[in-house]
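Open your viewer and get ready to click along. Each stop on this tour tells you what to select and what you will find there.

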Amino acid sequence: MSSTQASREDWIAAPGSPLRGELQVPGDKSISHRAIMLAALAEGSSRIDGFLEGEDTRATARVFAQMGVRIETPDPQRRIVHGVGLHGLQAPAGVLDCGNSGTGMRLLAGLLAGQRFDSVLVGDASLSQRPMRRVTGPLARMGAVVETAAGDRPPLRINGNKKLQAVDYELEIASAQVKSALLLAGIYADGETCVREPRPTRDYTERMLAAFGWPVDFAPGVARVTGGGRLVATDVQVPADFSSAAFFLVAASVVPGSELCLRRVGMNPRRTGLLQALRAMGADIREDNRSEQGGEPVADLHVRHAPLHGIEVPEALVPDMIDEFPALFVAAACASGRTVVRGAAELRVKESDRIATMAAGLRTLGIRVDEQPDGAVIEGGRLRGGEVDAHGDHRIAMSFAVAAQVADGDVRVNDVANVATSFPGFETLADSIGFGLRAG
Ligand SMILES: O=C(O)C1=C[C@@H](OP(=O)(O)O)[C@@H](O)[C@H](O)C1
Ligand SMILES: C=C(OP(=O)(O)O)C(=O)O
């Protein structure tokens, strides 16, 4: 267990009154990780605004500080990263702790495979159970040597000083983390690396490489980079994280009388699958003030309570809402009729087994859930109070805080400390618009 293993904390969430107000959620986690990584490898100093002050992204910043990158924090949510250039990282003195973050560890595996020194990546108890062959396998094809612990789990021991060869690789699973690991190794490899995906996934690594001046050829489902260039410092403006906004989109949809406005939410189409799913269920969500922030589309989202009905979630939407299924399960529990989720086996290897943890918690709250290997069938119904376990998974914890808003008794949510990995200040923000959350 690593030093960043979160302490155990619980919430008691009381059934709420209507949720009303205006809020801006914190910066995007995926973009914040990548901004630190590319700024660290760039020539010159980059400013990152809207940086997510979450445990996951702070862990990534600490990893680069351990490799000699000077990172200043002039204000909260702002970093000045003094890049060291593509070959300027220094061998770290100890192991590199990615905390709870799959994104941090898998992207770093690719990036560190291209360095001249050895390194070891460790994580907390949850990350230490997550599969790593998905990155070590394709990286080996490039000539990287990355050893795992038994069962292909972390820690990852990365042997440096290997000459990397470009690959043309077809991913078996749709994973932006694996794609990104290969692209980050690809910038150190000889030749052109091409990554093809079974379904398109978030394209932030591609977009950000381009913003830092690295030529990238990409379209939905395919990305190509050629080794041997340089990254040039640039300023990054991080939009608000759609995945954090998701909890409030669902909460306002299901709590009668609610009306919320979420300001300047990141609307990259590879992230907004939940919006389509909720609208298909009958949700009343309106977008306005569409603009661009740091090269990403953003919009204000206005959401009002509306009666929801169950749907079959189209499998093509799964990668575009992969982190939103815990919230979608709550929407499904509050909808009339049944909701069917398929093609989402990846949910079983996130911070927890998200199919099993959501099914167990919703059953405790009186909802019928038929668990499937790659999804679930959820029958909407009345939620009652009860005690549920988030299993240290931030998205599960926040989803049950949402479920509590419509339950007919208090809901106790156990093991919620990891909410700070992706959404620091969730309790305060949620309470400001009417959630009744207190430490349990
Ligand atoms: O690349 C990223 O930033 C992420 C990719 C997704 O993981 P997978 O690549 O495993 O699907 C997602 O679940 C994670 O929260 C962030
Ligand atoms: C799966 C997630 O993150 P990661 O893989 O980076 O731990 C998440 O944030 O829901």
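This is a predicted model: local features need pLDDT of at least 70, side-chain atom pairs count only at pLDDT 80 or more; totals for chains, interfaces and linings use all residues.

Now colour the two domains. Select 11–27 + 239–439 for domain 1 and 29–237 for domain 2. Their centres, taken over C-alpha atoms, are separated by 29 Å.

## Into the cores

Next, select Ala331 and Ala401. In the largest nonpolar core, which has 82 residues, these two touch the most other members. Helix 7 (residues 242–254) gives the most to this core, with 10 residues.

Stay with Ala401 for a moment. Which residues does Ala401 touch, not counting those up to four places away in sequence? They are Trp11, Ala13, Val413, Ala430, Phe435 and Leu437. Apart from this core lies another, of 64 residues; to find it, select Ala40, Leu111, Ala113 and Leu127, which are among them.

## The annotated residue

For the last stop, select Asp323, which the UniProt annotation "active site" covers, in an unreviewed entry. Look for Asp323 in the loop between strand 17 (296–304) and helix 9 (325–334). Is Asp323 buried or exposed? Asp323 counts as buried because it has 24 C-beta neighbours inside 10 Å, and the cut-off for buried is 20 or more. Leaving aside neighbours within four places in sequence, show Ser243 and Arg395 too: Asp323 is in contact with both.

Key: Residues are numbered from 1 along each chain as its sequence is written. Chains are lettered from A and ligands numbered from 1 in the order in which they are written. A nonpolar core is a set of buried Ala, Val, Leu, Ile, Met, Phe, Trp, Tyr and Cys residues joined through C-beta atoms within 7 Å. A residue is buried if 20 or more other C-beta atoms lie within 10 Å of its own, exposed if 12 or fewer, and partly exposed in between; C-beta atoms are placed from the backbone. Helices (H or I, at least four residues) and strands (E, at least two) are DSSP runs, numbered from the N terminus. Two residues are in contact if their C-beta atoms, placed from the backbone, lie within 7 Å. UniProt positions are given in the numbering used here, feature names are shortened, and annotations may be inferred rather than shown by experiment. Domain bounds come from an automatic or database domain assignment.
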